[in-house]
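Good morning, and thank you for coming. Please look at the sequence and the model on the screen while I describe how the parts are arranged.

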Amino acid sequence: MKLWRTLFLAGILAAAFSAAQARDLDEIKQSGYIKIAVHDDQPPFGYVDAVGAFQGYDVYFGRRIAADLGVKPRFVPTNSADKIEIVRRGDADITLANCTVTAKRAQKVDFALPYMKATLAVVSRKTKPIEKIEDLEGLTLAIVKGTTADEFFEGYRFGEIKFKDVKDHDEAYRLLLAGEVDAYSNDDTVLILWAKAHPEFVVAIKNLGEIDLIAPAVQKGNFKLINWLNHEIEKLGKENFFHEAYEKTLKSMFNDVLSADEIVVEGGRLR
């Protein structure tokens, strides 16, 4: 009986382990599809349009990846808190959900070369602009759990800033509009667009810390896939593909606030 229980539990663990394993490049090609995690609620990077189709900069890139692999793309919606775990679980082959490269994340997943860049920013009301971190003392700052802003402000958690942990961008914006928080921190690209649509708010801090690089993430140890992605990004850089993607998906929204060179990274290398 004891042996049976041991074998039974071992079988369950083996099945769970197997289910979590990433598909390698050959398996993806043989299956005829690739699972790509993207946001479904963050235009213009990843969103679902009026007819239910995925659109945006990340989606545009994802479709090219699938085409060059000779397979069909299957887009899997994700959020900020889950975009790393979704590839760790094997529910997606690649994450293209505006995934910023950090040392902490790199312990959990493997990153390919970058294809976009951003900096952390803070949005607040024009009547009470936050122009430096010190201005946040005694105020309440909304942070989405699992984001780079969450990681950046870890060292401030025991200071004078009050933090409001929220589940997503929508909750943060709702609290801002209701006056329940004083500010919200996230990538400059996201906040600048939101402030553009809400002129009573301003992004007075646009560059907290260093430039962040955004790159595809895959399950750790999926070497064939990561190597293929790196070659793909280098090849696409020679075509100026990511500037093309900017023109097709981002320009209409960013043209007067951020140029292509301020957002895209061509060929995996900062220029």
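Predicted model: local features only at pLDDT ≥ 70, side-chain atom pairs only at ≥ 80, totals over all residues.

At what angle do the axes of helix H3 and helix H10 cross, and within what distance do they come? The axes of H3 and H10 (residues 241-249) cross at roughly 130° and come within 9 Å. Residues are numbered from 1 along each chain as its sequence is written, and side-chain values use heavy atoms, with hydrogens and water left out.

Some terms are needed. Helices (H or I, at least four residues) and strands (E, at least two) are DSSP runs, numbered from the N terminus. Axes are lines fitted to C-alpha atoms, for helices over the stretch in contact, and angles run from 0 to 180 degrees between N-to-C directions. Angles under 35 degrees count as roughly parallel, over 145 as roughly antiparallel, 65 to 115 as roughly perpendicular and the rest as oblique.

The angle therefore makes H3 oblique to H10. The crossing of H3 and H10 is right-handed, a word used if the near helix is turned clockwise from the far one by less than a right angle, with left-handed for anticlockwise. On the side of H3, Tyr57, Tyr60, Phe61 and Arg64 make the contact, which means heavy atoms within 4.5 Å. Their counterparts in H10 include Phe241, Phe242 and Tyr246. By class, this contact of H3 with H10 has 7 nonpolar, 1 polar and 3 charged residues. Here Ala, Val, Leu, Ile, Met, Phe, Trp, Tyr, Cys and Pro count as nonpolar, Asp, Glu, Lys and Arg as charged, and the others, Gly among them, as polar.

H3 (residues 57-69) also packs with helix H9 (residues 223-238), their axes coming within 12 Å and crossing at roughly 110°. H3 is therefore roughly perpendicular to H9. Among the residues that meet are Phe61 and Arg64 in H3, and Trp228 and Glu232 in H9. The contact of H3 with H9 divides into 7 nonpolar, no polar and 4 charged residues.

Let us turn to the strands. Five of them form an open sheet in the order E10-E9-E11-E8-E12, with mixed pairing; two strands pair if DSSP finds at least two bridges between them. Strand E10 (162-166) and strand E12 (201-214) stand at the edges with a single partner strand each, so one side of each is left without a neighbour in the sheet. On average, neighbouring strands of this sheet are turned by 25° against each other, direction ignored. Strands E8 and E11 run antiparallel and are joined by 5 bridges; Ser124 has Ala183 in E11 as its bridge partner. Helix H7 packs on this sheet, and its direction makes about 150° with that of E11.

H7 (residues 169-178) packs with helix H8 (residues 188-197) as well, at an angle of about 45° and with axes 13 Å apart. These two helices are therefore oblique to each other. Tyr173 and Leu176 in H7 are among the residues that meet H8, where Trp194 is one of the partners.

A second open sheet has 3 strands in the order E2-E3-E4, paired antiparallel.

Finally, the whole chain has 11 helices and 13 strands.
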